[in-house]
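User: I would like to learn how to read salt bridges in a model. Please start with the general idea and then turn to the case at hand.

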Amino acid sequence: MPKKSLEVLLDVSVDRASEVPLHRQVYLGIRRLVLTGRLRPGSRLPSTRHLASDLHLSRATVLDAFEHLIFEGYLEGKVGSGTRVSSHIPRDVHTLTSATQQSPIPTVRRKPRIARRALAHSFRQRLAATPARPFRPGLPDIASLPLDLWSRLTAKHWRRAADQLYEHADSLGYLPLRKAICDYVSRSRAVRSDPDQVIITTGAQQALYLCAKTLLDPGESVWMEDPGYPRARVAFKSAQLTVIPIPVDSEGLNSAASPEKRSAPQMIYVTPSFQCPLGYTMTLERRFDLLRVAARNNAWILEDDYFSEFRHGTSPVASLQSLDRNERVLYIGNFSKNVVPFLRIGFLIAPKSIVHTLKMGRTSVSRQPPGIDQAALAEFIADGHLERHIRVTLQIYRERYEALVNAIRQYGAGVLEVSENGGIGMYLVAWLPSGVDDRLAARIASAAGVDTVPLSNFALHKLRRTGLVLGYSAYETRMIRVAAQRLCNALLRMRSATSQIK
Ligand SMILES: Cc1ncc(COP(=O)(O)O)c(C=O)c1O
């Protein structure tokens, strides 16, 4: 009898109270002994009868485990006439596998190899994923979503999915959704397009990434607003583009500011209907300037129209795309704000000449967007539910905007100031007194239970005036008042602590 391996095998412990079947426990125990190198290749195992009696198990249980170990290649031979550890098991097995927790041999830890360009993806995100606290920006009001309707639509399209296979397989996206989007953006934003120009994406983010990767080569220049949308910057950096910050004022991106200091663009990224994050609407004059710059440089313009619908009192301004006669503008939209961010559906409307290139780029990362949500969304838009939902939330956001502005005016004298912007959008910028470090202010706010995003997180150059970005759309007015008071009190304490230090 192979005494040594029997001793080792007695380390196989079985737990009769466990939910794991006994034969599986024996299998796992012997496998671990092989992978940790305690049972060496070629060593002979005791007979199943012997082992069964030592472990107080039935022979059938042990036989079952042995057969499985032979089938997977850990053991060789024939059960009943001598079984050995397979000679194909490498001698350094314990350095290769993850079953070595019980091995006395230390694992060699090396830094994982990653591409240098992957560092460009790093994104400064300080707010944890959950739970959302006021005033975390970017979230819509979830409570007003028509969830029953949405469940009915998705259930219906699951039942129909087999008949719609062909439409789901189009890598531009589901055709009825592309049609519904064309009609909707034509009605609401004067965007001129037909469904063959629409590419459904996984949120606006994928649209930005696709444009950066497929339209420009590494090293080429993209102008972007400063301060501007950090996730756009990440998409451009990850495509190894050179990001050139262009100052923003109350008329929008100012392409004429200090022209001597920067190179010509091959692409320009703008948020003309609600500048991210300052909230200004780009004037018509600046829009024409931008089209002129693009034509002169043969550059693309990415128009990120991320929540143009949320304007109180006035209807949305017509898109930049609607003014473009030279097929330079790519229009990017999303359903993260007017429906919900975790739907992860956005779209890109591109000039016909580049749709195929973008489509190929999209296919290389994901063949087509998930089908059922596209089908449900198509019906949601086509039957008027989207516009109804926007009207409902617009009214709610107006009340929340007013609650926040009033609370800041009531509690924030000397520490926070809001400038009236007509309450467009879902968040606002509250300005700090000059010289105050907004990142420090955001940390102090967070310790007081209030989420804010420092304006500096959006800026490439040092800001002349700092501030906090405060989202109001997702929080009830009562919560807004309480959180605003807390925030202002924390900033007042910060001010008196720092003035004492001085
Ligand atoms: C400027 C801007 N564009 C687009 C989006 C929407 O991005 P996505 O559709 O990837 O959620 C946001 C969301 O915060 C945004 O701030």
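**Reading the salt bridges**

Analyst: At 28% relative accessibility, arginine 133 is partly exposed (buried is under 20% relative accessible area, exposed over 50%, partly exposed in between, with a 1.4 Å probe and protein chains only). This is a predicted model, where local features need pLDDT of at least 70 and side-chain atom pairs pLDDT 80 or more, while totals for chains, interfaces and linings use all residues. Residues are numbered from 1 along each chain as its sequence is written, and side-chain values use heavy atoms, without hydrogens and water.

User: How many salt bridges does the structure hold?

Analyst: Side chains of opposite charge can pair when their charged atoms come close. The criterion is a side-chain nitrogen of Lys or Arg within 4 Å of a carboxyl oxygen of Asp or Glu. The structure holds 15 salt bridges.

User: Which parts does the pair of aspartate 451 and arginine 133 tie together?

Analyst: Their side chains form a salt bridge at 2.9 Å, N to O. Aspartate 451 lies in the loop between helix 15 (438-447) and strand 13 (453-454), and arginine 133 in the loop between helix 5 (93-96) and helix 6 (147-160), so the pair ties together parts 318 residues apart in sequence. Helices (H or I, at least four residues) and strands (E, at least two) are DSSP runs, numbered from the N terminus.

User: Is aspartate 451 buried or exposed?

Analyst: Aspartate 451 is buried, with a relative accessible area of 5%.

User: Where does glutamate 417 pair with arginine 465?

Analyst: Their side chains meet in a salt bridge at 3.2 Å, N to O. Glutamate 417 is in strand 11 (residues 417-418) and arginine 465 in the loop between strand 13 and strand 14 (467-471), 48 residues apart.
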